[in-house]
There are 2 protein chains.
Amino acid sequence: MSLDRLIKRIDKLKNPSVVGLDPKLEYVPSFIRDKYFTELGHTLDAAAAILLDFNKALIDALYDIVPAIKPQAAYYEMYGWQGIKALSETIRYAKKKGMYVMTDGKRNDIGATMTAYAAAHLGKTDVDGIELEAFNADALTVNGYLGTDGIQPLLEICEKYDKGIFVLVKTSNPSSGELQDKQIAGKPVYEIMGNMCEAWGSRQIGAYGYSAVGAVVGATYPEQLKELRQKLPHTMFLVPGYGAQGGGAKGIAGAFDKKGRGAIVNSSRAVMCAWKKEDNCPETEFAQAARREAIRMRDDITAYLH
Amino acid sequence: MSLDRLIKRIDKLKNPSVVGLDPKLEYVPSFIRDKYFTELGHTLDAAAAILLDFNKALIDALYDIVPAIKPQAAYYEMYGWQGIKALSETIRYAKKKGMYVMTDGKRNDIGATMTAYAAAHLGKTDVDGIELEAFNADALTVNGYLGTDGIQPLLEICEKYDKGIFVLVKTSNPSSGELQDKQIAGKPVYEIMGNMCEAWGSRQIGAYGYSAVGAVVGATYPEQLKELRQKLPHTMFLVPGYGAQGGGAKGIAGAFDKKGRGAIVNSSRAVMCAWKKEDNCPETEFAQAARREAIRMRDDITAYLH
């Protein structure tokens with residue numbers, strides 16, 4: 001229907017940021033790792049159990065100050081189906097705590113197959129007449145290279161279950177310009193993709209003026225952020241690349257509208273690994289360190305907003 | 001390193017086709033479905049068990065005549081982590097039978113995250129110093145919208161473990177042209193993406209002249225297939241859209257080089273559901289019907305090759 005559920009939570013917590021849960025084993029304190037490696041050996045089962053414990057502790061420490069989490073599917077797939085089970089349980093746990101869950105999967109395919117992805121991540125799966133939830137996140141990142149018929153099945157699921165999608169427009173990585181900055185009839189590819197987002201979302205615009213179709217625009221490209229904010233008035237931005245990738249809060253300010261809405265900024269590693277960067281932080285306090293970094297990030301970003 | 005392992009298998013079986021394992025529950029005969037629904041109820045566990053049984057029977061019936069399978073990740077994700085476990089076991093089973101496995105995931109992300117996807121699907125995952133296999137397919141489909149640094153981690157894994165990738169160039173769906181046909185400095189986007197495939201693969205060219213980096217080009221666009229075959233001499237094509245989506249064998253012939261190499265054509269539904277289309281085929285003979293359709297497809301495609 002729209003991204004209003006997310007926007008309401010951002011407004012309530014006065015925090016337009018999302019914590020990326022992209023856990024690597026090396027981010028996890030040794031007391032958690034040792035426990036499961038001793039119990040289960042050096043297995044994918046142990047790795048998945050470690051990630052899930054780590055995630056749950058982070059969610060417990062963040063849910064009342066951070067509106068959303070963004071688990072990155074790759075970091076779970078890396079640990080096989082066991083990792084994906086941990087992803088599934090992470091999503092369920094965060095939702096139970098009231099968080100908005102944005103699965104970062106950048107999924108894309110032709111219509112019939114996209115219908116399966118939409119059911120998997122946002123909707124329900126028909127099992128011989130019984131509808132079951134597979135992952136049931138609130139939003140999913142997607143790649144629009146295949147055009148409208150790869151997006152249409154998602155729009156239907158967004159409308160039916162009040163979910164959202166974020167389409168890759170201008171990504172945060174150094175080589176994003178190889179295709180995305182190229183000009184097509186005087187417009188860069190990212191703007192054309194942005195215009196498609198506006199069109200795809202045009203029938204599902206919520207109370208705040210933003211549709212169910214958001215865009216991914218990297219914090220590392222502040223000029224494009226500002227330009228796209230002007231050109232895509234109904235498209236909310238998911239902004240990765242803050243912190244570790246080099247995007248600063250000042251540059252990000254251009255992603256927001258005059259009311260301080262219209263964007264949500266992601267940080268992953270800086271929050272997950274905050275305990276490693278703080279002076280003399282005992283590893284048992286990793287979750288509190290994550291909370292402190294999340295607060296610092298919130299204050300850093302909101303300082304530049306109206 | 002290259003796609004030589006795949007090409008050798010195609011040459012040996014004289015069959016440049018791949019069967020897409022994109023199973024939906026309704027494709028599976030009722031004697032298999034009933035067994036697991038009775039045993040496990042209408043659950044994702046039952047669904048996953050059904051798909052795995054179905055896949056294994058198809059693999060048993062196909063492995064000596066079809067060189068490769070292409071499981072589509074979406075149809076497994078739809079059944080949650082249980083479905084992903086079935087995917088993992090399908091891959092292992094097919095490889096044990098000697099088949100080349102191409103996971104159709106269309107994955108894409110920035111470099112650091114693509115490293116995780118590369119480990120997940122083609123390489124190995126480091127678990128505290130121990131290297132474990134997560135999915136371990138032979139090849140993966142990927143989306144190049146993010147440019148070179150989203151592809152580089154895959155190239156390293158391809159080199160290290162003798163694996164391959166297929167990058168989306170011109171997809172088979174009706175709206176693929178919305179972005180892919182747009183002109184950039186006189187060239188369509190799909191050609192620019194194709195040229196990137198040539199560049200990405202240039203350091204890993206095998207004995208047959210094809211690199212580790214293939215391209216996905218839909219059977220539904222025969223003119224582009226022919227054009228791209230000329231322009232991308234080191235890029236092997238994975239050709240979806242034969243049969244159900246409307247691409248015919250005659251049009252597909254342009255995807256092949258003069259030696260009859262350079263492409264592999266996918267069919268999913270027509271093979272999986274062959275038992276439903278044959279007159280009076282008892283459902284217990286679904287795998288034999290799939291074999292008959294796979295042979296028909298092989299002969300249909302090779303009839304147009306030199």
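This is a predicted model: local features need pLDDT of at least 70, side-chain atom pairs count only at pLDDT 80 or more; totals for chains, interfaces and linings use all residues.
Figure 1. Of the contacts in chain A between residues at least 6 apart in sequence, 72% join residues at least 24 apart. The chain comprises 14 helices and twelve strands. Its C-alpha atoms occupy a box of roughly 60 × 50 × 35 Å along the principal axes. For 306 residues, a compact globule would have a radius of gyration near 19 Å, and the value for chain A, 19 Å, therefore agrees with that expectation. Buried residues account for 61% of the 306 residues in chain A.

**Figure 2. Packing of helices α6 and α7 in chain A.** Two packed helices are described by the angle between their axes and the distance between the axes. Helix α6 of chain A spans residues 111–121 and helix α7 of chain A spans residues 152–161; their axes lie 8 Å apart, at an angle of about 35 degrees. The crossing of α6(A) and α7(A) is right-handed. On the α6(A) side the contact involves A:G111, A:M114, A:T115 and A:A118, which meet A:Q152, A:P153, A:L154 and A:I157 of α7(A). By class, this contact contains five nonpolar and three polar residues, with no charged residues.

**Figure 3. The corresponding helix pair, α6 and α7, in chain B.** The axes of α6(B) and of helix α7 (residues 152–161) of chain B cross at roughly 35 degrees and come within 8 Å. In handedness, the crossing of α6(B) and α7(B) is right-handed. The contributing residues are B:G111, B:M114, B:T115 and B:A118 from α6(B), together with B:Q152, B:P153, B:L154 and B:I157 from α7(B). Five of the residues in the contact of α6(B) with α7(B) are nonpolar, three are polar and none is charged.

Figure 4. Apart from neighbours within four places in sequence, B:E159 is in contact with B:M1 and B:Q204. A further reference point in this view is B:G262, which is 103 residues from B:E159 in sequence; the C-alpha atoms of B:E159 and B:G262 are 20 Å apart in space.

**Figure 5. The interface between chain B and chain A.** In this interface, 54 residues of chain B are in contact with 54 residues of chain A. On the side of chain B that touches chain A, helix α6 (residues 111–121) of chain B gives the most, with six residues. That side of chain B consists of 27 nonpolar, 18 polar and nine charged residues.

**Figure 6. The relation between the two copies, chain A and chain B.** Within chain B, the C-alpha nearest the axis belongs to B:I184 and lies 2.6 Å from it. The same surface serves both copies, since 100% of the contact residues of chain B recur in chain A.

Definitions and conventions:
Residues are numbered from 1 along each chain as its sequence is written. Chains are lettered from A and ligands numbered from 1 in the order in which they are written. Two residues are in contact if their C-beta atoms, placed from the backbone, lie within 7 Å. Helices (H or I, at least four residues) and strands (E, at least two) are DSSP runs, numbered from the N terminus. Ala, Val, Leu, Ile, Met, Phe, Trp, Tyr, Cys and Pro count as nonpolar, Asp, Glu, Lys and Arg as charged, and the others, Gly among them, as polar. Axes are lines fitted to C-alpha atoms, for helices over the stretch in contact, and angles run from 0 to 180 degrees between N-to-C directions. A crossing is left-handed if the near helix is turned anticlockwise from the far one by less than a right angle, and right-handed if clockwise. Copies are superposed by least squares on the C-alpha atoms of residues with pLDDT of at least 70 in both. The radius of gyration is taken over C-alpha atoms; the globule rule is 2.2 Å times the number of residues to the power 0.38. A residue is buried if 20 or more other C-beta atoms lie within 10 Å of its own, exposed if 12 or fewer, and partly exposed in between; C-beta atoms are placed from the backbone.
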